[in-house]
Structures are given as structure tokens and as C-alpha cells.
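Thanks for coming, everyone. Please bring up the sequence and the model, and let's walk through the contacts together.

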Amino acid sequence: QTNMSLWQKIPLLTREQVQGSYSDLCSDQIPPSHLPIFTSSTSGSTGTPIQVQQTKLGNIIWQANTLRDHIWHERNMNGKLAIIRVFDENSGVTEKGKKARGWGPATRFYSNGDSFLLPINTPIEKQADWLRDVDPDYVLTYPSNAFALADYFDANNLPLSNLKEIRTLGETLDMSTREHIKDVFGVKTTDVYSSQETGYIALQCPEHDHYHIQSESVFVEILDDNNRPCEAGETGRVVVTALHNYAMPLIRYEIGDYAEAGEPCPCGRNLPVINRVLGRSRNLIR
């Protein structure tokens with residue numbers, strides 16, 4: 001308790017401070033075993049993008065959390081994985097799609113099926129045609145896109161007979177989207193909560209819709225308006241400390257999201273629980 005009291009005296013780090021103090025936040029004493037470093041940036045969906053220095057070690061931890069997600073949800077990694085999302089302009093992914101061997105570096109020690117990649121700006125009707133051609137076991141995309149696909153498949157009475165699960169990332173997943181996907185495709189939706197700045201924050205529990213904080217790689221606080229920790233069932237601001245990024249330490253970083261704290265999970269996993277991720281405070285007009 002004494003240590004936590006001292007911890008809470010550390011000022012919160014805001015998004016604006018990260019934007020304006022990039023060089024000051026970068027470290028010049030990075031352990032050699034963490035190298036090399038690289039720079040990533042956020043999408044800028046809430047304003048000016050943020051640049052963050054990352055390390056090879058952080059990338060390995062990202063892969064470990066990805067593998068944990070596959071193992072928790074008992075996915076058949078020999079199946080086909082279809083991914084519809086934003087891709088780097090140098091990725092070679094076009095509207096015709098791209099086929100890749102394996103599911104990525106996180107599963108390189110396992111037998112893998114193929115991945116099929118398609119950019120998110122492909123029209124929904126073409127996404128649907130492509131998915132029917134691929135006939136995937138798993139689809140990874142954004143919640144809003146998954147909802148639009150469910151609408152299209154439902155309106156046109158189209159099947160995806162081999163589909164076992166839709167995985168979502170990058171946006172808030174609400175219960176209505178989960179239910180719509182279940183009604184149309186007959187499969188569950190599994191979400192991950194992550195950020196470009198800090199990596200994985202929480203993975204969905206395989207037995208419930210809530211999330212387990214990935215405490216081995218991040219320390220997460222959910223704080224009320226007085227910066228006090230929220231009790232289970234209360235909603236507050238998400239504050240994240242990345243535990244392994246020695247290239248650009250983000251300590252008590254107020255990421256801009258709101259979430260509801262949860263009770264310990266009956267599944268037996270002792271990782272802290274987030275009941276719901278409620279979204280971000282945005283400066284956009286819809």
C-alpha cells in the first residue's frame with residue numbers, strides 16, 4: 001500500500017505531452033539486449049498522430065501475447081486466416097488480396113495454415129466476394145467492418161460455411177455488434193484491446209466477454225475524476241504503464257480511453273479484469 005501511494009504521486013502523462021516531448025521521452029541508455037529500435041506512429045484518429053520508439057524486445061512480447069490469445073481460444077492454427085484491415089503501402093496488399101504463408105511470426109513454431117490479406121478500403125460487396133472465395137476459418141477485422149459484413153451477408157442470404165470465429169481489434173466492440181455477428185454467422189466474436197503506443201493491454205477471456213489485463217507487459221489503472229482507482233463496476237479513464245519499453249518509457253500514460261473495472265474472473269485466470277472498453281474521448285464530428 002505504501003508503494004502504491006508513492007506510485008500515485010507520479011504525475012499522469014497526457015497525450016499532448018507525448019506529442020510535444022518526443023525527444024525528451026526517448027532514452028539514450030537502452031539495454032543492448034533490447035535492440036534494435038524502430039519508430040511507430042498512431043493512426044491520429046483523435047488528432048495529431050503520436051510517434052513512439054519501440055524495441056525488438058517489445059515486438060517479441062507483442063508476439064507472445066498474440067500466441068497466448070490463440071492458445072486461450074484454442075484456435076486451429078492450420079486453418080485459413082482472413083485479415084481485412086489497414087496495411088502499410090509497402091505491404092503489397094491490393095484490392096485483389098494477397099496470400100501469405102502462415103499466420104505471422106507469433107506462430108512460427110507451430111504448423112500454420114495460410115493467411116489471406118485484404119485492405120480495409122475495399123468495398124463491402126468485394127470484401128464479401130473475396131471472403132466467399134477464401135472460405136476462411138477465422139476473420140480478423142475492425143468491429144465496424146465486421147458489422148457491415150454481417151449486414152451484407154444477411155441482406156443477400158450468403159453463407160460462410162467454414163467460419164469458426166470473428167476476431168476484432170482497433171475499435172470499441174459493443175454488445176449489439178457481438179449479437180449481430182452471432183445472429184448472422186452463428187459464431188462468437190473475440191476482441192483484443194491494444195494500442196500502438198503500449199502494445200497489448202487486455203485479451204478477451206475465452207469463457208466470458210470481458211477482458212484480462214496483460215499484467216506481464218503493462219500495468220493498467222482505471223481512475224475516476226479524482227484520480228483514484230475505480231472499484232469493480234465503476235467507469236474511469238485508462239492509464240497505462242508499458243513495462244518493457246526502455247527506448248521510450250511511457251509511465252502512467254493517460255491513453256484517452258474509458259473502461260469499466262471488473263471483479264476477479266471465475267475462469268481461474270488471476271489477471272485483472274476489464275468488464276468493458278467504452279471507447280475514447282474524441283475531438284471529431286460524425
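**Side-chain contacts and a pocket**

Start with Asp137, which is buried, because its relative accessible area is 8% and the cut-off for buried is under 20%. Keep in mind that this is a predicted model.

What does Asp137 pair with? Asp137 forms a salt bridge with Lys164. The closest N and O atoms are 2.4 Å apart. Lys164 counts as partly exposed, at 40% relative accessibility. Now look at where the two sit. Asp137 is in the loop between helix H5 (124-134) and S6, and Lys164 is in the loop between H6 and strand S7 (165-168). The pair therefore ties together parts that are 27 residues apart in sequence.

How many salt bridges does a search of the whole structure find? The search gives 13. In general, side chains of opposite charge can pair when their charged atoms come close.

Next, Arg269. The side chains of Arg269 and Glu207 meet in a salt bridge, at 3.9 Å from N to O. Arg269 lies in the loop between strand S13 (253-261) and strand S14 (273-280). Glu207 lies in the loop between strand S9 (199-204) and strand S10 (211-213). So this pair ties together parts that are 62 residues apart in sequence. Arg269 is partly exposed, with a relative accessible area of 23%. Glu207 counts as exposed, at 51%.

Stay on Arg269 for a moment. Which ring does its charged end sit over? It is the ring of Trp72, and the distance to the ring centre is 4.8 Å.

Asp224 counts as buried at 19% relative accessibility, because the limit is under 20%. And there is a network of salt bridges that links Asp69, Arg75 and Glu165.

On to the rings. A pair of aromatic rings is described by the distance of the centres and the angle of the planes. The count here comes to four aromatic pairs. Take Trp103 and Tyr138. Their ring centres are 5.5 Å apart and their planes are at 75°, so the pair is edge-to-face. Trp103 lies in the loop between strand S4 (98-101) and strand S5 (114-119), and Tyr138 is in strand S6 (residues 138-141). That makes a tie between parts 35 residues apart in sequence. Buried or exposed, these two, Trp103 and Tyr138? Both Trp103 and Tyr138 are buried.

Phe153 and Phe185 also form an edge-to-face pair. Here it is 5.3 Å centre to centre, with 65° between the planes. Phe153 is in helix H6 (residues 143-155) and Phe185 is in helix H7 (residues 175-185). The pair links distant parts of the chain, 32 residues apart. Phe153 is buried, with a relative accessible area of 1%. Phe185 counts as buried too, at 14%.

Last stop, the second largest pocket. About 380 Å³ of space lies in it. The lining has 18 residues. Nearest the centre are Ile213, Val220, Glu221, Ile222 and Pro272. Which strand gives the most to the lining of this pocket? That is strand S11 (residues 218-223), with six residues. By class, the lining has 13 nonpolar, three polar and two charged residues.

That's the tour. Questions are welcome.

Methods
Residues are numbered from 1 along each chain as its sequence is written. This is a predicted model: local features need pLDDT of at least 70, side-chain atom pairs count only at pLDDT 80 or more; totals for chains, interfaces and linings use all residues. Side-chain values use heavy atoms; hydrogens and water are left out. On a 1 Å grid over the protein atoms alone, a cavity is a set of points where a 1.4 Å probe fits but cannot get out, and a pocket is an open set with protein on both sides within 12 Å along at least five of seven lines; lining residues have an atom within 4 Å of a point. Grid points are joined across faces, edges and corners, and a volume is the space filled by probe spheres set on the points. Helices (H or I, at least four residues) and strands (E, at least two) are DSSP runs, numbered from the N terminus. Ala, Val, Leu, Ile, Met, Phe, Trp, Tyr, Cys and Pro count as nonpolar, Asp, Glu, Lys and Arg as charged, and the others, Gly among them, as polar. Rings of Phe, Tyr and Trp (its six-membered ring) pair if their centres lie within 6.5 Å; planes under 30 degrees apart count as stacked, over 60 as edge-to-face and the rest as tilted. Buried means under 20% relative accessible area, exposed over 50%, partly exposed in between (1.4 Å probe, protein chains only). A charge sits over a ring if NZ of Lys or CZ of Arg is within 6 Å of the ring centre and within 35 degrees of the ring normal. A salt bridge is a side-chain nitrogen of Lys or Arg within 4 Å of a carboxyl oxygen of Asp or Glu.
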